[in-house]
Amino acid sequence: MITTMKHEIIEQGLKQCASIHLSQGQAFLSDWKKGLKESLQNLSSIHRHFLKTCDALAKANPRLEQHPTLLEDVIQKQIDWLQSFYSTVQDIPANDRIRQYQNEIDDQIRSVCRKNVDPNPTDKHPENESKNGAEEEIEAFLRLHLEAPISEAFLKLSTHLLPGTAKIFHQLHREGEDWIESSLDAGKSDAGDEKPSAIEILQTASPAIDKHVAQLDRIEKEALDAFEADCRKALEEAQQLLIEVAKENQTDPIEKKEGLSDFEAHRLRLEAEAKKLKEGWHRHFEAEQDDWRKDLELALLLVRVRQAHMESKQAIQAKIEKVLAPKFQEASDLITRSLKKFNESEAGDAGNAQLKSMILSESRSMLRSLRREVLPQISALLDQGPLLKNLENCHSRILHAVEKLSETHWLLVKADWDTPVPNPKVSEIHLKTLVQEEACQELETAHRALLTQVEAELSLIDQNVSEFDALVEYNLESGLDLLASDEALQNAEPVRNEIIEGLERALRQLETLMVRSRAIARIIEENRESGFASFQDQIRALGQNEKILELKVRLAKAKTVEQARSYQEKLLDQSEETLSSARSLATKQWDKLKALYARARGFAGLPSTSTTGEESLSRFVLETRKKFAELPYVYQRLFRVEALADSRFFEGQQTHLAALKTSFEAWRNGEAGMTMIVGEKGSGRTSLINAAVPKLYHQVPFLKISLHMQRPVSEDALLQALGEGLKMPEAATLYDLEEQILSGKERKIVCVEDIQNLFLRTVDGFEALERFLLFMSRTCDTIYWLNTCTLYSWRYLDKTLNIATFFEPPHFLDRLSREEIETIILKRHRVSGYGLVFDAAAKDSNSKKETKGDDLQDTLKSAFFNRLATLADGNISVALHFWLAAIQKIEDHTLTLSPEIKMDPSSLFRIANDELFTLAALLHHEGLNVEEHLAIFRFEKQKSLILLGRMEKKGIVVRKTDAYFQINPILYRPIVHALKMRNILH
């Protein structure tokens with residue numbers, strides 16, 4: 001009876017518990033699937049919302065289809081969605097879920113046992129009373145044959161669900177990558193191939209997600225069918241066991257089952273498996289989620305970079321086209337109106353007066369408008385600050401976007417979803433650090449290079465704008481000068497044409513400046529596109545796990561190598577200090593050997609290593625002289641080798657202006673005033689004084705005595721020169737002149753230029769100079785004496801008369817640097833309004849670089865000025881001559897220059913001694929006539945005439961007047977070098 005009752009209770013308990021567990025499994029699976037479906041539908045809604053927004057904007061304006069903020073929004077929402085998806089699956093399965101499930105089974109089994117074994121349990125308290133024997137036997141049987149198999153089935157259910165879910169998640173990851181990357185590339189085309197738009201790409205997103213939902217339904221059905229089958233099998237096995245026990249008339253089925261004592265160990269095993277399963281899948285999903293988040297963050301970074309570039313580009317283009325271009329047009333309208341007036345003017349006697357009046361009128365009105373309004377406004381708009389700030393802001397936004405990247409991420413290096421308990425291979429990366437070290441450093445370099453290029457271009461445009469009024473003014477002034485010539489009195493038509501051509505060049509200059517201003521936007525765009533393409537490639541490479549792991553290893557190796565290199569450099573620095581002095585000594589010795597070799601070849605009369613000689617040098621000088629005569633008048637006027645009267649072209653020597661101010665203030669405070677400016681011929685002595693007069697000497701009467709091309713070497717001639725210069729011609733002697741000066745109360749400044757002309761290198765040729773030094777020392781309290789002297793004359797006089805003791809330390813003019821020479825020449829050239837091209841075809845093919853366009857012109861210009869600076873050796877007069885000599889032709893208002901200056905001065909080392917000593921005398925005196933030459937060398941007049949004539953024919957000297965000879969300026973530097981090599985000049 002008891003046995004039969006046990007069998008019935010157990011059978012009833014089996015059916016009841018199995019039914020409850022099946023329904024619980026179904027409910028759990030339904031809730032789990034519902035959460036996943038909702039998460040997937042949320043992702044689908046993100047794409048649908050984005051799609052609708054894109055579609056609405058595309059209908060309004062197709063260009064807005066690629067608006068970056070839309071893509072940024074959908075990426076950010078996907079990042080947020082990842083967390084919700086992960087929260088759905090991260091606790092499945094969990095060891096506490098298994099434990100909870102087992103406890104629920106325990107409660108159900110206990111409930112069945114109490115209800116059937118003890119029909120009236122209300123007066124009992126199970127927690128305080130022990131179970132009876134029948135209840136314990138039934139509970140033990142149900143635990144062993146029902147709880148354990150169903151718990152295993154539940155664990156199996158989880159192992160069936162999670163791999164499928166992981167595969168769906170992985171497929172979503174890869175498809176999401178494709179959607180975002182295709183959206184980033186939307187609208188671009190290679191070789192004319194059309195690419196789908198962002199709308200067309202995202203239209204594939206929702207159907208794909210619906211497909212994954214269908215896959216989830218299939219996985220759920222398969223998992224549930226397997227779970228039901230496992231539960232049914234467990235029920236059937238338990239029922240079969242009861243039948244067998246009943247057939248054998250067993251009184252206690254529990255006694256026939258071995259291993260009952262190991263049930264608790266079995267429970268612990270299930271919990272351990274569940275924990276292991278949870279940890280494995282938790283690690284997998286966490287790595288997959290972080291991997292996807294990494295890809296989305298990188299995509300978001302690219303979107304933000306593109307957005308920053310686009311907004312910066314729009315701002316720059318708006319400023320150029322809507323603000324700057326109208327101002328250039330305003331300046332162009334001013335020139336056009338004046339040009340129209342000159343085109344409508346007439347020539348002739350009455351026309352000449354009308355033309356002169358028109359030049360003066362237009363010069364006043366047009367220049368007033370340009371200088372007061374238009375050009376200052378353009379310069380203000382070309383201010384580098386706002387534009388460079390725009391570029392800096394764009395760059396800062398990019399760096400800020402990089403800062404938003406997560407510091408660390410887990411990469412899913414290798415998935416393992418085909419095993420019950422996955423063991424994925426993962427790797428931790430420092431994403432932000434990798435981006436900063438790999439992509440940002442190159443981006444920073446490109447950004448700084450762009451800033452430098454834009455700054456240089458803006459400075460050049462602004463410089464041309466600031467000089468534009470000078471271009472207009474100088475061309476009009478040139479017309480006035482030409483109008484005063486004898487030729488213009490006969491026919492003023494060439495003058496009018498010259499003015500028209502000058503104004504047309506001014507118009508072309510404005511057009512060029514506007515084109516260059518627009519080119520800045522293109523330069524920025526091209527550099528950014530190139531930099532962004534490289535940056536994008538590097539960021540996308542970080543989206544590939546294989547590449548990012550390689551990068552991680554490479555950067556680690558690079559740091560190790562850098563540390564080793566740093567240690568090595570410290571060792572090398574120590575050895576370099578030791579070797580530096582040895583190298584320096586060796587270099588000096590080598591330079592001395594080369595100099596001795598060149599000197600020996602010169603003394604021996606050996607030919608130069610080049611093929612040119614005296615004939616080629618003479619030909620070069622003759623061709624140069626011919627080019628000068630053929631240049632346009634405005635260009636000849638700009639490049640006259642004479643002292644600057646126009647402060648616009650004064651460059652450099654700011655240090656000497658400050659020193660002159662100090663000397664002048666000392667004289668005004670009671671000290672003696674005797675200042676000397678020393679420099680080579682053509683070094684800018686007179687230009688420095690002309691610049692100093694309006695800045696330093698405007699408050700004191702200023703007189704100038706020029707001794708150029710006159711040589712008052714006697715005391716009477718000196719008295720005449722000083723009397724006329726000081727406006728005291730009535731003085732009978734120099735002593736009278738001194739008394740008149742000292743008796744006067746007015747203090748003044750007297751500039752005496754070229755005091756080297758106060759002596760002649762003969763036995764009695766120093767009388768006037770010595771007397772002048774005495775005259776200055778007696779009057780230097782009343783007169784501030786400002787003197788100039790050529791460098792080599794000064795050195796000679798200091799050795800013979802110790803002249804330096806009469807003056808405060810003289811101001812030796814510095815040799816101009818290569819950059820200063822280039823600035824001076826190009827500033828004059830820009831005022832002419834002519835274009836400039838270096839002839840690439842004339843460049844030596846062996847040394848021409850494989851460059852094109854602007855890069856080639858920059859290369860040729862740099863090489864030209866390097867050569868020019870070498871030949872001029874800091875002398876601006878020599879540099880100006882070589883610049884003019886390099887002009888090949890002028891066509892369409894453009895100068896074409898030879899990129900190379902080919903001149904072989906080697907023949908100067910082989911000329912006769914009498915010619916060499918004549919050249920030295922010409923350097924000491926700056927120039928000589930025939931009488932002075934024969935007085936110095938004690939030649940007969942016929943011999944001096946022959947010698948100077950021969951040197952003139954060679955082009956070594958030029959005749960300034962009928963009888964006054966000077967060194968050819970273009971050969972000034974080679975002649976100085978040749979005389980120094982022969983120890984004739986010091």
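A: Let's begin with a term: a residue is called buried when its relative accessible area is under 20%. Please keep in mind that this is a predicted model. D469, in helix 11 (residues 468-483), shows how the term works: its relative accessible area is 12%, so D469 is buried. Leaving out residues up to four places away in sequence, D469 touches L367, R371 and L375.

Now for the part to look at closely, the largest nonpolar core. This core has 107 residues, and those with the most contacts inside it are L737, W883 and L919. Helix 25, which spans residues 876-885, gives the most to this core, with eight residues. Let's stay with W883 for a moment. Setting aside neighbours within four places in sequence, W883 is in contact with Y635, F639, I825, L826, H829, L836, F864, F865, L868 and L897. There is also a second, separate core, which has 54 residues, among them L162, A166, I168 and A299.

Back at helix 25, have a look at the loop that joins it to helix 24 (853-872), where D873 lies. The phi of D873 is near 50°, a positive value in a residue other than glycine. With a relative accessibility of 30%, D873 counts as partly exposed.

Three strands form an open sheet in the order 11-13-12, with antiparallel pairing. Strand 11 (928-929) and strand 12 (957-959) stand at the edges; each has a single partner strand, so one side of each is left without a neighbour in the sheet. In general, strands of a sheet pair through backbone hydrogen bonds, either parallel or antiparallel. Here, strand 11 pairs with strand 13 (residues 964-967) in the antiparallel sense over two bridges.

One last stop is N983, in the segment after helix 29 (972-981). N983 has a positive phi of about 60° although it is not a glycine. At 45% relative accessibility, N983 counts as partly exposed.

Key. Residues are numbered from 1 along each chain as its sequence is written. This is a predicted model: local features need pLDDT of at least 70, side-chain atom pairs count only at pLDDT 80 or more; totals for chains, interfaces and linings use all residues. Side-chain values use heavy atoms; hydrogens and water are left out. A nonpolar core is a set of buried Ala, Val, Leu, Ile, Met, Phe, Trp, Tyr and Cys residues joined through side-chain atoms within 4.5 Å. Buried means under 20% relative accessible area, exposed over 50%, partly exposed in between (1.4 Å probe, protein chains only). Helices (H or I, at least four residues) and strands (E, at least two) are DSSP runs, numbered from the N terminus. Contact means heavy atoms within 4.5 Å. Two strands pair if DSSP finds at least two bridges between them.
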